Amino acid sequence: MRTGQEYIESLRELNTVIYAFGEKLSDFVDHPLIRPHINAAAQTYEMAFDPESEDLVAVSSHLSGKKINRFTHIHHSTDDLVKKVKMLRAIGQRTGSCFQRCVGFDGINALYSVTYEIDQKYGTPYFQRMKDYISHLQESDNMVAGSMTDPKGDRSLKPSEQADPDLFLRVVAKNEDGIIIRGAKAHQTGIVNSHEMLIMPTIALEEADRDYAVACAVPVDAPGVTHIFGRQTNDERKYSSIDQGNTCYGVVGGEALTVLHDVFVPWARVFMCGEYDFAGMLVERFACYHRQNYGGCKGGVSDVMVGASAAAAEMNGVARASHIKDKLVEMTHLTETVFSCSVACSALGRPTLSGSYFVDPLLANVTKLNVTRHIYEIARLAHDIGGGILATMPSEKDLKHPEIGSYVEKYLKGTALVPTEDRYRILRLLENMTGGTALVESMHGAGSPQAQRVMILRQGNLPHKMKLARKLAGIKPD
Amino acid sequence: MEKFNQEPSPLECVVAVKFCGGCNPHISVGELFCRIKQTAAEMAPALQFGPADQPGSAALLVISGCPRDCAGRPEGFAPEVSVAGELVNRESCPFELIPATIVGKLFSLVFRR
């Protein structure tokens, strides 16, 4: 396993091409826009060595028997699935931000079971390749970005019907050595500070879309791969300290638009190529694993929001007010609700044909749909408790200014014993965790709410429920 | 409080320590472990603490942050003393009293078997 520092140093050896604000970054590892996200991801490495957290973050490999980082593990029990959720919460509490590594983790678990089932039907060699790839990941402890979301162009059209065929990633050529792919992946969490990307199709496909049915692993610095780093709300604050709020770990995961222009992938790293009838299964497996996460990581991040709100109330001198306590109770209730959902969909997981474990898909989608609402409500309550000052505080430069700093210090003080700078720090943390990009990520990460609704309708077993009602109403069966 | 001063062989007094992982701790397990080590240094200096996988340990101390007590136990370890939130071996114990209680129980396990 790599330590956090070894992970950070390993990124320096890559030739990752990253653009941000119209410039090509020469040293992305120490760049203020990127470094907080690297620090957050480094915790997924560091906590595997910390005796206080290793019970969750380190695990024995089912392939080698060696101790590995859980982010490279294949779930083999419901206990594995529950521990994943607990691990995500524990890391979220430490970072207060997205630590990005779950996406690739979910990708390898989804592909592990799906490649087994493709091989069962077509006699392909994907499952063995996948096991070899996972062995490589467990040995190297590489960070893998899960690359599913295509730009999608006109959403009413299938991939093969788009005006520009590259709006969904596709295979443009094959030879005896491998395949060549072209397209892009959008909203790529943590990809600029990953070692590899795991490409998967983004929707269920039909025969006409056969070229789009491709799953493969690509180094993030492979020839032809370009990352264009996304903006975040308040991202200019990354060049400051206090005003950034969470200076060390930033806000959410640091997303990028990743372009793959005629990128070569050797056959050893190709896990699906043309089996369009398995694209839907792969998307569903990945989505459910990823939706499972959100009560874990967002639970941990919400723990920090609850704590920051309580601290802000204390600094404002209103901690004893009954309405403040009531709001903190509500925030805690919502946090534990999303966590409960994640635990539930894990506890009710089941084995797949490959022997790996899959979450309960209905409850996983309920988890994520709750997150799209509850995190907004938690943030709303945090704003309520924090007060209007969350939106009006002068910058830290004014707080530190030799002429006017004393005014800011004097007039923005809360209770007498708390330094104004401490109040500033808590309120800035709260502000940055509860607005803009942080909220949108809760809405659309792991799929937009409508995607969860579709799955809930499909899994909701309405005929059974109608039968229950008809029976109790005394209606004779047909 | 009894002052432990028995001096067994070094191998007999190593206690392996296992933490739960800390997804939602009710107590600070890091702070608690520091206090346990401090208390042991004062009351029973022969007690040493090692990692969970240290071979030849005389006992296992399991520290979980909440009453769920979900820390995984290494195979083949017995006996153990467990802290789970403000429970010691499943009995309620105020945080302030946990270090001395733990050291007492470990001492009994290691030296009075």
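Colleague: Which conventions apply here, and which pLDDT is needed?

Modeller: The model is predicted, so local features need pLDDT of at least 70 and side-chain atom pairs count only at pLDDT 80 or more, while totals for chains, interfaces and linings use all residues. Residues are numbered from 1 along each chain as its sequence is written, chains are lettered from A in the order in which they are written, and side-chain values use heavy atoms, with hydrogens and water left out.

Colleague: Is A:Lys86 buried or exposed?

Modeller: Buried means under 20% relative accessible area with a 1.4 Å probe, protein chains only, and a salt bridge is a side-chain nitrogen of Lys or Arg within 4 Å of a carboxyl oxygen of Asp or Glu. A:Lys86 is buried yet has no salt bridge, the nearest side chain of opposite charge being A:Asp79, 6.3 Å away.

Colleague: What is A:Lys86 in contact with, leaving aside its neighbours within four places in sequence?

Modeller: With contact taken as heavy atoms within 4.5 Å, A:Lys86 touches A:Leu56, A:Phe339, B:Cys23 and B:Cys70.

Colleague: How many cavities of 30 Å³ or more does the structure hold?

Modeller: A cavity is a set of points on a 1 Å grid over the protein atoms alone where a 1.4 Å probe fits but cannot get out, and lining residues have an atom within 4 Å of a point. The structure holds five of 30 Å³ or more, and the second largest cavity has about 90 Å³ of space. Among the 14 residues lining the second largest cavity, B:Cys20, B:Cys23, B:Asn24, B:Cys66 and B:Cys70 lie nearest its centre.

Definitions and conventions: Buried < 20%, exposed > 50% of the residue type's maximum accessible area, 1.4 Å probe, protein only. Lys, Arg positive; Asp, Glu negative; His and termini not counted. 1 Å grid on protein atoms, 1.4 Å probe; cavity = no way out; pocket = protein on both sides within 12 Å on 5 of 7 lines; lining within 4 Å. Points joined across faces, edges and corners; volume = space filled by probe spheres on them.
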